[in-house]
Amino acid sequence: MASALVPLLLAAGIAASAAAPREKTVIVAQSGQVNTIDPLRSDYGQTDLIDNVLYDTLVTYDRDNQIVGRLATEFVLAPDAKSVTVTLRPGVTFHDGAPLTAKDVAFTFDRLKRLGVGVASLVDAYESATITDDTHLTLNLSRPSSLFLGALSKIYILNSALVTANAGADDGQAWLQSHDAGSGPFMADERTGAEISASAFPGYWEKVDNRPEAFIFRRIDEQATKRDELIAGNIDLAVFIGDRDVPALQKGPDTAVALPKTSEQTEIVFNTRTGPTANPAVRKAIRLAFDYDGAFKNIISGNGELANGPLPNSLACRPDLPIVKQDLAAAKKILDDAGIKDLTVAMKFQPAKETSKQEAALLQSNLKSIGVNLVLEPIAFPAYLQSLKNVDSIPQMMLLVDFAQFPDPGIVLYKGYKSDAIGTNRSGYSNPEVDKLLDQALASGDAAARCDIYKKVQEIVDADSVMVDMYTLNAPNGYRKDRIQEPPPSKVVDPLAPIEIRLAP
């Protein structure tokens, strides 16, 4: 439960600011346990949603998928893609009043390199930092990386002095589990049960109209409870409401639903190394057996688009692959031609997600019709991530929703299909041709050439049936239109960035 965390304290060690009035406070309901607010683990959606208001990044993406500055006013990737020069915004302070300098940026990246988990995988090419002065530094890479600049949108900058003072024996992980060391527009207050609150930081560098004065993040796992609390006005924003609740909330006098197109894609990941799913024939048969249309219409209520390849439909550089469809006769023929009989396969899924339970049950029924027995095994997402640390422990099949950490197709392909990307290559997939192509793209400064390579990689991955690509999702986010403006979609925080939420006029 959420009580695993001790009460949150302000990083500055000063008294929490007085509670903001209700009309200036936005209460956000999200699902799932918040295990930590250490930015290291902002690869967890629950952590990222909160850290988005507590911390700043050097850059972010605008709505046209262009990289724009946040803490950095200038940022240049070298022609050889082996370094990034950064100019910092002057006058930025942390919550304890300390100025943010190049030393803090270098400390943040050095810590990621030392710990090597979470979002560290996005910047694993980082080697060292060369500090010129307080507002200028160069991030040096161990190898060319055309993805590194975009990955800066996912790295929250830490107060180096504060974290060092509380480093303990684990580089500050225990302390940052329940404290913030950021410069963002809000400061962490106290945690009460399943709620985490944050108050406006009066010294924040960016002034905007209608920004809330406080946030409360509340854990609500049950979709019906989210819906009812939103209708009652006890919460203002419900992240990822149930697809079946969308019509009722759209019809409500004070409620509405934002349905932004996301980079989320529902998929089933095969273990391509061991067990029955190491056989391409088994993978192809399972892909053909699933009732995509039925799931799309009846489970997610048509909130998205059917998949046509490994990448979400919202990303660029996608080849013209066919839209997924069920073909039970073809699936049965593949198994018969391969001499496969009495096949049993196992699939893990997250029982906390209602749609996952329904999708798993549907696939189990579909496979039964072609003579395949599917054993369903529930798993919590943190336990699943642990299983990825070794290719030998990768589940035979895993049903999940994955998303692009930032809107560059390369981050999905390189982390997902490079043979040596342990921990993010969730299938154990290994193809020398794909490895070579991805390395070429990573070292290329030519965006058009990278795009062509990405298309070729997707064609190979699709032909190898590495996953069951099901559908790209819209993100139904319910909100009180009398309380806040429609929350815009985010390119880097899934599915929205609380820092962009504005009060209703």
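Contact is taken here to mean that heavy atoms lie within 4.5 Å. The structure is a predicted model, in which local features need pLDDT of at least 70 and side-chain atom pairs count only at pLDDT 80 or more, while totals for chains, interfaces and linings use all residues. Residues are numbered from 1 along each chain as its sequence is written, and side-chain values use heavy atoms, with hydrogens and water left out.

By this criterion, leucine 149 touches Val59, Ile67, Phe75, Leu77 and Val84, residues up to four places away in sequence not being counted. Leucine 149 lies in helix H3 (residues 148-151), where helices (H or I, at least four residues) and strands (E, at least two) are DSSP runs numbered from the N terminus. Leucine 149 counts as buried because its relative accessibility is 13%; buried means under 20% relative accessible area, exposed over 50%, and partly exposed in between, with a 1.4 Å probe and protein chains only.

Four strands form an open sheet with antiparallel pairing, in the order E4-E5-E7-E6, and two strands are said to pair if DSSP finds at least two bridges between them. The edge strands, each of which pairs on one side only, are E4 (72-77) and E6 (126-133). Neighbouring strands of this sheet are turned against each other by 15 degrees on average, direction ignored; axes are lines fitted to C-alpha atoms, for helices over the stretch in contact, and angles run from 0 to 180 degrees between N-to-C directions. Strand E4 is joined to strand E5 (residues 83-88) by five bridges, and alanine 72 has leucine 88 in E5 as its bridge partner. Helix H2 (residues 102-115) lies across E5, E6 and strand E7 (136-141), and runs at about 170 degrees to E6.

Elsewhere in the chain, strand E15 (residues 343-349) is mostly covered, with five of its seven residues buried. Strand E15 pairs in the parallel sense with strand E16 (residues 372-378) over seven bridges, and methionine 347 stands opposite leucine 376 in E16.

The axes of helix H13 (residues 409-417) and helix H14 (residues 432-442) come within 10 Å and cross at roughly 140 degrees. The two helices H13 and H14 are therefore oblique to each other, given that angles under 35 degrees count as roughly parallel, over 145 as roughly antiparallel, 65 to 115 as roughly perpendicular and the rest as oblique. Their contact is made by Leu413, Tyr414 and Tyr417 of H13 together with Val434, Asp435, Leu438, Asp439 and Leu442 of H14.
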